[in-house]
Structure formats: C-alpha cells, structure tokens
Amino acid sequence: MSTEEKQAAGTDAAASADAAASTDAAESADAPGTSSGSVDPLDRLCAQVDQQTQERAGSPAGQREFEELARTIWRLRQPDGCPWDKVQTHDSIAKNMIEEAYEAVDAIHAHDDAHLREELGDVLMQVLLHAQIADDEGSFDIHDVCRELNQKLVRRHPHVFGEPQVEGVQAGGDADDMADSGVAAGPDAAASSSAPAGPGAPAASNASEVLDIWDQVKRAERSAKGEATGEEPGLLDSVPISLPALMQAQKISKRAAKAGFDWRTTDDVWNKVREEVAEFQAEPSGSQRANEEFGDVLFSLVNVARKEHIDAEGALAFANRKFRRRWAAMEQLVKAEGSSLDQCSDQEYDQLWNRVKQLERQQLEGQQAKGQQADDEA
C-alpha cells in the first residue's frame, strides 16, 4: 500500500471512528435503563443533534487538520519544545488575541479571502494556545472549550434544535453579542430559524424573532449563573470591560435602555450632548475634569448612535478608513508633483483635501454609471 493510500485509509478510519463514537454517544444517551440523573439533558440533546447532522449530505466529517494543529501546539509546549511557547501564560499573550482578531477584521473589510484565511488561522492559534496553557495548568482543555461552545449554540437555538429541560436554563437572555455583531441581520439567521424544532420549542420565522429568543436564553443563563454562585448578577456584568470603549459604551447603554433608563427621543439625547459639551468647555483645558467631561460628550454621542440604529464603533472605524484613504491619496498627489505633504501650507492642504474628495466623487459616479449600464444591458 502506498503512502497516499495509507494516509487515505487512516483518514477514513478516523472519520468512521468519529461518526461511530458520536452515534454511540447519542444511543447511550437514550439507552433504556440509563439513570435519568446520569445524563445531562443538554448533553443528550447535543448528541442527538450531532447524529442527525451527520446524516445530512455535505455535513463536515472528521477534522484531521484540526487535530494535527492541536498536537503541534501541544508539542511546542513540551519540555523540548519552543523556548518562547513554553513560557507563555494567559496574561503574557492576552494582547495577541486582540491584535489577531483586529487583523482578521481588516482582512474582512479588504474582501481579501486569502489574507482572511491566514488571519483566521492566527486567531485559531490563539484559542488553541490558551487552551493548551489551561490544560498544562490542569484547568481545562480544547475539548472542554469545544463542548461548552457546542452546548451554548444548541441551547441558544431552541427554534432549530429543540429545548432540553435543564434546571435553571430555560428559553430566555440578551441578544447584544449576536445582534451587535450583525449575525442576525444575515440571510442565514432567518433561513435557519425555519428548521423544525422539538416539541415545546419556541418558533422563529424571521431574524427579529431569533433575537428575541437569544435575548431570553441569555437572560436565563445569567440568572442561573447567579443562583449557582449565590450572587445576583448585575445587568452590566457580562459586558467585557476589555471591549473597545465605543463598543462597550453602546452595549452598556443598550442594556440600561432595555431596563427603562433611556431618553424618549433622539432630540432629547442631542440636548444632553449640548449640555455635556457646555460642561466640557467650562473646564480648564487639559485638566482632569476636562478629560472626564469629554468622555461624557462621547458617551452621549454613542447614545445618539444607538437611538439612530448606528454602530458607533463601526461608524468611527469607517471614518478612520476614509481618512487614511484620503491621506494616502494626498501623499500620492504631492509625490507626483515632486513635493511632500510636510512642505504644504494650510491653503495647499485644503486644496489637496478638496481635490481628493472630488476625485472620490468622480470615481463613485463612474462606478454607478457602469452599474446602470450593466443593468440596462441585462
């Protein structure tokens, strides 16, 4: 047997073993005589969901490449592994998670599939490395990460998979994470919501109803977590403080608004913005009080965005990209003329800026004309 044939046989065997293991898990979860207290209802439902999913044409088979990657990360942390990887901790590489995630987002905005594939790999490496660090410390491993994520997805999609009767977790939470990320706005959200669910499961025929279900489930999860710890969870406790400031401001103001702490109209918020601006202007320039008041101005503006259904973080990111694009165009213009921006006067800066904006408008009009021509020809 050739090397290729051996590899293929090994892959098929691994896939068959994975399928058999999943089937066995589903069967054992429902096996007669099994003690009702020995199998978690959510575990049973997850096993049944996986078994049914494997029977669907095109469902993913064994993930050999993922297992190879996990073993590579494990190997790098061994005594004879990489000196850098061996000494890393959760804290030492925390910022890497943020950086890699932002680089992936940049690739998404650039519509660069090859770059996105690479950056998603870098994000996955961070997940695996953190899981391996935790495994080395005896805390949890990548299997726990995958299992809990799968449980969460099944639990938060009762309109697709049905609803297990888990004590303390019923359909009920806050859809901020899904809604703010734009998941619910996509066509898949509405399409998946039409899939058959188990008896007693909530129905969802559109993306808005899916958001309501997520909102209920997450609220129940927070309540159950509070019962388990003996502490009443605060409304804002689940909003990460490490989020970018604008994103965090919009999330916490949205939570507060859902609890009834909100202005009636957008005009009311604009009045608050003007009040905060006046307070900022009344403080000495550069003082700590001026710094605090300016933060209040920004927070008020975020509430304007929320009222107008605008993602403040996304809006500012778009403005940043637009400024960078125009600045690069200005650099190219002066370079073509044998000069540089640091030699420009204020008047020349204004003229360059206006030229770039005019060029952008002309380019946009040209694209619109081509699109209209293509529609006419079709």
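This is a predicted model: local features need pLDDT of at least 70, side-chain atom pairs count only at pLDDT 80 or more; totals for chains, interfaces and linings use all residues.

Q: Which residues of H12 are buried?
A: Helix H12 covers residues 245-258. With buried meaning under 20% relative accessible area, the buried residues in H12 are Leu246, Gln248, Ala249, Gln250, Lys251, Ser253, Arg255, Ala256 and Ala257.

Q: How far does H12 reach from its first C-alpha to its last?
A: H12 has 14 residues. The span expected at 1.5 Å a residue is 20 Å, and the helix comes close to that. From first C-alpha to last, H12 reaches 20 Å.

Q: Which residue just after H12 takes a positive phi?
A: H12 ends at residue 258. Just after the helix, a phi of about 100° is found at Gly260.

Q: Which residues does Leu236 contact, leaving aside its neighbours within four places in sequence?
A: Leu236 sits in the loop between helix H11 (207-229) and H12. Its relative accessibility is 38%, so Leu236 counts as partly exposed. With sequence neighbours within four places left aside, the contacts of Leu236 are Ile252 and Arg255.

Q: Why does the end-to-end distance of H2 agree with its number of residues?
A: Helix H2 runs over residues 41-54 and has 14 residues. At 1.5 Å a residue these should span 20 Å. The distance agrees because the end C-alpha atoms are 20 Å apart.

Q: Which residue caps the N-terminal end of H2?
A: The cap involves the backbone nitrogen of Leu42, which lies 2.8 Å from a side-chain oxygen. Leu42 is itself one of the buried residues of H2, along with Leu45, Cys46, Ala47 and Val49. The side-chain oxygen belongs to Asp40.

Q: How many disulfides does the structure hold?
A: Cys46 has a relative accessibility of 9% and counts as buried. Cys344 is also buried, at 16%. A disulfide needs two cysteine sulfur atoms within 2.5 Å. The number of disulfides in the structure is zero.

Q: Is His130 buried or exposed?
A: His130 lies in helix H6 (residues 113-136). Beyond its neighbours within four places in sequence, His130 contacts His90, Ile93 and Met97. Its C-alpha atom is 9.0 Å from that of Ala94, 36 residues away along the chain. The relative accessibility of His130 is 13%, so the residue counts as buried.

Q: Which element gives the largest share of the largest nonpolar core?
A: This core has eight residues: Ala70, Ile73, Ile93, Leu128, Leu129, Ala131, Ile133 and Ile142. H3 and H6 are the elements that give two or more residues to the core. The largest share, four residues, comes from H6.

Q: How many residues are in the second, separate core?
A: Among its members are Met330, Leu333, Leu352 and Val356. The total for this second core is seven.

Q: How many aromatic pairs does a search of the whole structure find?
A: The search covers the whole structure. The number found is four.

Q: What is the angle between the planes of Phe280 and Phe294?
A: The two rings are 5.3 Å apart, centre to centre, and the pair is tilted. Phe280 belongs to helix H13 and Phe294 to helix H14, so the pair ties together parts 14 residues apart in sequence. Phe280 is partly exposed at 29%, and Phe294 is partly exposed at 40%. The angle between the planes is 55°.

Note on methods:
Residues are numbered from 1 along each chain as its sequence is written. Side-chain values use heavy atoms; hydrogens and water are left out. Rings of Phe, Tyr and Trp (its six-membered ring) pair if their centres lie within 6.5 Å; planes under 30 degrees apart count as stacked, over 60 as edge-to-face and the rest as tilted. Buried means under 20% relative accessible area, exposed over 50%, partly exposed in between (1.4 Å probe, protein chains only). The expected span of a helix is 1.5 Å times one less than its number of residues. Contact means heavy atoms within 4.5 Å. A nonpolar core is a set of buried Ala, Val, Leu, Ile, Met, Phe, Trp, Tyr and Cys residues joined through side-chain atoms within 4.5 Å. A polar contact is a pair of N or O atoms within 3.5 Å; within protein, one must be able to donate a hydrogen and the other to accept it, and residues adjacent in sequence count only if both atoms are side-chain atoms.
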